[in-house]
Amino acid sequence: MQDLLLQLKHKSEKLQLGGGLEKIQKLKEKGKLTAWERISYLLDDNRPYTEIGKFAADSLYAEHGGCPNAGVVVVLGYVQEKLCVVVANDATVKAGAWFPMTGKKNLRAQEVAMENHIPIIYLVDSAGVYLPMQDEIFPDKEHFGRIFRNNAKLSAMGIPQIAAIMGSCVAGGAYLPIMSDYALIVEGTGSVFLAGSYLVKSSIGEVIDNESLGGAQMHCEISGVTDNKYPNDESCLDAIKNIVDKFGGSQQAHFSRKEALGPAYPATKLYDILPLDRLKPYNMVELLKAIVDKDSLEEYKKDYGKTIICALARIDGWAVGIVANQREVVKAKKPGNSTEMQMGGVIYSDSADKAARFIMNCNQQKIPLVFFQDVTGFMVGSRSEQGGIIKDGAKMVNAMANSVVPKFTFIVGNSYGAGNYAMCGKAYDPRLIYAWPTASMAVMSGATAGKTLLQIQEAALKSKGVTLSEEEKNKLLSDIEEQYNRQLSPYYAAARLWVDGVIDPVETRKIISMGIEAANHNPTMDRYNVGVIQT
């Protein structure tokens with residue numbers, strides 16, 4: 001575990017450097033702060049924050065020189081005691097240009113603001129769309145244009161948006177700050193225009209410099225496009241603080257909260273409870289005791305459907321409903337006084353049935369749901385199929401998918417196949433979803449996938465009269481498993497924004513608390529309706 005945490009630490013530290021020390025130095029020579037310095041200056045001191053989209057684009061776009069953190073930093077944090085989403089372009093990464101993952105990450109930031117009805121602040125410093133990949137970022141529904149659609153929707157919802165133009169703001173990207181409620185600009189470094197001086201000259205023959213075309217003085221004194229100009233980054237960020245400070249309060253969802261108690265175990269005990277060997281059993285209840293408030297855990301149907309733990313609890317004082325995979329082998333009583341051994345991490349009919357009922361209870365009682373995934377999937381085989389595992393699994397998915405209370409997901413270990421879906425994977429709209437360094441996410445494990453694909457390839461070759469030797473089989477199996485295991489990495493998932501980041505397990509409690517606090521700002525909640533359920 002310490003090796004995994006060290007890897008996380010080193011990768012996180014590297015992200016802070018963005019495009020590298022040389023690019024940071026060039027930024028400093030222009031009198032500009034880095035993206036992280038801007039965020040640190042803006043956020044309240046000694047208050048927690050969590051990064052969203054951490055490791056986005058990790059190891060992607062190598063042929064283009066890479067795009068660390070997708071060239072943009074997104075955090076959920078406090079500004080003047082108000083919970084906000086802050087989005088800061090990193091100009092040290094390809095001048096802040098938008099790669100496909102940059103667009104996806106910005107949309108995720110807006111989604112968090114929209115779902116929770118909390119202000120969003122844009123610190124703009126971007127050269128616009130990365131032209132060599134324009135076909136993957138420009139025209140589709142979830143591409144660049146969706147940002148401005150969301151600007152309009154956020155405004156219509158009454159969610160505050162503040163933009164600070166602290167560098168380039170070009171072409172379509174110019175609409176983002178100007179569609180915000182407030183548009184501030186830094187003198188000398190900030191500029192905003194639909195077309196820069198080179199394009200203007202080539203298009204209409206006009207010769208003009210960028211400052212006269214779209215600088216702070218012109219836009220604040222002539223066009224009125226921006227509201228006010230500021231001499232440097234710090235004074236511009238101070239103005240944002242001043243604006244946020246005046247925001248009034250809003251109605252809340254009134255999720256239950258009491259005075260917080262610390263967990264029964266220190267958070268670092270999580271490192272000891274969780275085995276690195278993904279096949280080894282462990283007691284998930286013991287792990288939860290290092291996360292939930294002491295003596296707050298109240299299990300639901302404790303002796304039934306034991307491979308899923310359902311429990312009411314409090315985390316940092318907030319009431320939560322927990323759905324977690326039990327990784328111990330358990331004994332399940334069956335009709336006729338018989339017992340059945342059930343494998344930990346597997347969802348059986350009884351556990352799916354229990355989880356569905358518990359999820360429905362939490363929705364009726366306005367209790368946010370927290371999922372802890374360490375799941376290898378649903379039980380297979382003739383006995384399970386005859387017992388109706390598909391309809392019981394469908395019932396659980398239906399109850400979870402239609403949930404109206406906020407959902408939060410943490411991938412502790414395995415996250416395979418339909419188990420990922422039933423335990424509220426990314427497709428089911430968790431407000432936040434994070435992976436621990438021990439997480440593995442795929443349709444199935446590397447070993448299982450390797451054997452399955454080997455059988456398929458063997459059968460295909462056999463039909464052509466080709467028989468593989470044992471040595472050839474082993475080589476083929478090794479190649480398949482190597483590729484598959486690389487894709488199981490939590491960083492592979494984070495790079496594609498299948499999760500909001502990879503975190504140290506001790507951060508879990510903080511993220512849940514901040515997530516529910518954010519969700520509490522949105523008072524609107526639809527009536528819970530599961531529709532037709534398989535019985």
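Visitor: What volume does the largest pocket have?
Guide: Happy to start there, keeping in mind that this is a predicted model. The lining of this pocket holds 28 residues. Its volume comes to about 730 Å³.

Visitor: Which residues lie nearest the centre of the largest pocket?
Guide: The lining draws two or more residues from each of β16 (377-378), α15 (389-401), β17 (407-416), α16 (417-422) and α17 (446-463). The residues that lie nearest the centre are Val-346, Thr-376, Gly-377, Tyr-416 and Thr-448.

Visitor: Which element gives the most to the lining of the largest pocket?
Guide: Good one to check in your viewer! The top contributor, with three residues, is α16.

Visitor: How many charged residues are in the lining of the largest pocket?
Guide: By class, 15 of the lining residues are nonpolar and nine are polar. The charged ones number four.

Visitor: Which residues of α15 are buried?
Guide: Helix α15 has 13 residues and spans 18 Å between its first and last C-alpha, close to the 18 Å expected. Buried here stands for under 20% relative accessible area. The residues in α15 that are buried are Ile-389, Asp-392, Gly-393, Lys-395, Met-396, Asn-398, Ala-399 and Met-400.

Visitor: Which helix gives the most to the lining of the second largest pocket?
Guide: That pocket has a volume of about 520 Å³. Its 20 lining residues include Glu-115, Val-404, Arg-431, Asn-522 and Asp-526, the closest to its centre. By class, the lining has ten nonpolar, four polar and six charged residues. Giving the most, with three residues, is helix α4.

Key
Residues are numbered from 1 along each chain as its sequence is written. This is a predicted model: local features need pLDDT of at least 70, side-chain atom pairs count only at pLDDT 80 or more; totals for chains, interfaces and linings use all residues. Side-chain values use heavy atoms; hydrogens and water are left out. On a 1 Å grid over the protein atoms alone, a cavity is a set of points where a 1.4 Å probe fits but cannot get out, and a pocket is an open set with protein on both sides within 12 Å along at least five of seven lines; lining residues have an atom within 4 Å of a point. Grid points are joined across faces, edges and corners, and a volume is the space filled by probe spheres set on the points. Helices (H or I, at least four residues) and strands (E, at least two) are DSSP runs, numbered from the N terminus. Ala, Val, Leu, Ile, Met, Phe, Trp, Tyr, Cys and Pro count as nonpolar, Asp, Glu, Lys and Arg as charged, and the others, Gly among them, as polar. The expected span of a helix is 1.5 Å times one less than its number of residues. Buried means under 20% relative accessible area, exposed over 50%, partly exposed in between (1.4 Å probe, protein chains only).
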